[in-house]
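This report is meant for a reader who is meeting the structure for the first time. Please look over the sequence and the model before reading on.

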Amino acid sequence: MTAIIEWLHSIIGNYGWTVVVFTILVKLILLPLDIKQRRSMQKMQELQPQIEKINAKYKNDEQKKNEKTLELYRTNKCNPLSGCLPLLIQMPILFILFAALRAVAGNEAVRMLEAVRDGGAFQPEGWLWIRNIWQPDNFFQLGKIGTLLGALFNGSLFTNPDIWHEVAQSVVPTAQSLMGLGSKETQETIKALVENQTVIDGLATLTKSYSGMVNGYFILPVLAFVSQIFMTKMTSAANAAGGQAQQGQGMQKFMTYFFPIMTLWICASYNAAFAIYWVVSNVWSIAQYIIMDQLRKHKAKQPAGEGA
């Protein structure tokens, strides 16, 4: 996946737009599976009257009720957990992409450190409002939120400018934050570079040139959080209408609260490139859901046999 991202970047020329294009390609590849899952959920909605009859008939026999409900699903080839699958299937892709972007970030870190060592000019690659796409889209370091809140409560946040310098999300990464990026070979290269005094001095000069600037404005984390809430709410509504099995409801309820919070934290603390993927992926999924739902409603309004 790293090779694909770097190949796309060689054509597009910006990692932000590269991630946007990559995300759309992934969603297009997964589109047939998404459509199949959506149709399965629609089928579950159609089975709702039969599910209600089963619930009423076996209301005093929980085991029998579950057996008959699952039998109905099997007969009609429906998966009671289909509503969770669109979320779960993203996890392997997220993990792979996470590793791939770390590898690309490692390569970019080496390029930056070598430019600093050689005395050349270096400007981090940005995207729209973000100054460095390999830093979080944030105006403060998430790890220093305690310091930020403490300064806010005691009033020093607005009277002591040094507080802002301490907690602000810098455009230029620290040497320590670069450790662990990329492959083992890349990590060794980074380690050797950051121990070079010329690099240390050059990195300090580069950091000073961006003094007073923040890398982002917390826009992508908020967009990711809000879009994730929309996704989970829409999925929950569809599952409820489809009479999702009890075990599926429990998992869906967990995801409704867990995913948005996890999304906000990751996108606020990891590089903006990953947050771009998350936001674009969510927006695509929401648009796809709305379009398919409208098509279903339009088809349902047509007289029987029309358009056949």
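## Basis of the model

This is a predicted model, in which local features need pLDDT of at least 70 and side-chain atom pairs count only at pLDDT 80 or more, while totals for chains, interfaces and linings use all residues. Residues are numbered from 1 along each chain as its sequence is written, and side-chain values use heavy atoms, with hydrogens and water left out.

## Helix H4

Within H4, Lys65, Thr69, Leu72 and Tyr73 are buried, meaning under 20% relative accessible area, whereas exposed means over 50% and partly exposed lies in between (1.4 Å probe, protein chains only). These four cover an arc of only 100° around the axis, which puts them on the same side of H4; the arc is that of the directions from the helix axis to the C-beta atoms. Gln63, Arg74 and Thr75 are exposed on the other side of H4.

## The second largest pocket

Helix H2 (15-46) and helix H14 (272-301) each supply at least two residues of the lining of the second largest pocket, and H14 gives the most, with six residues.
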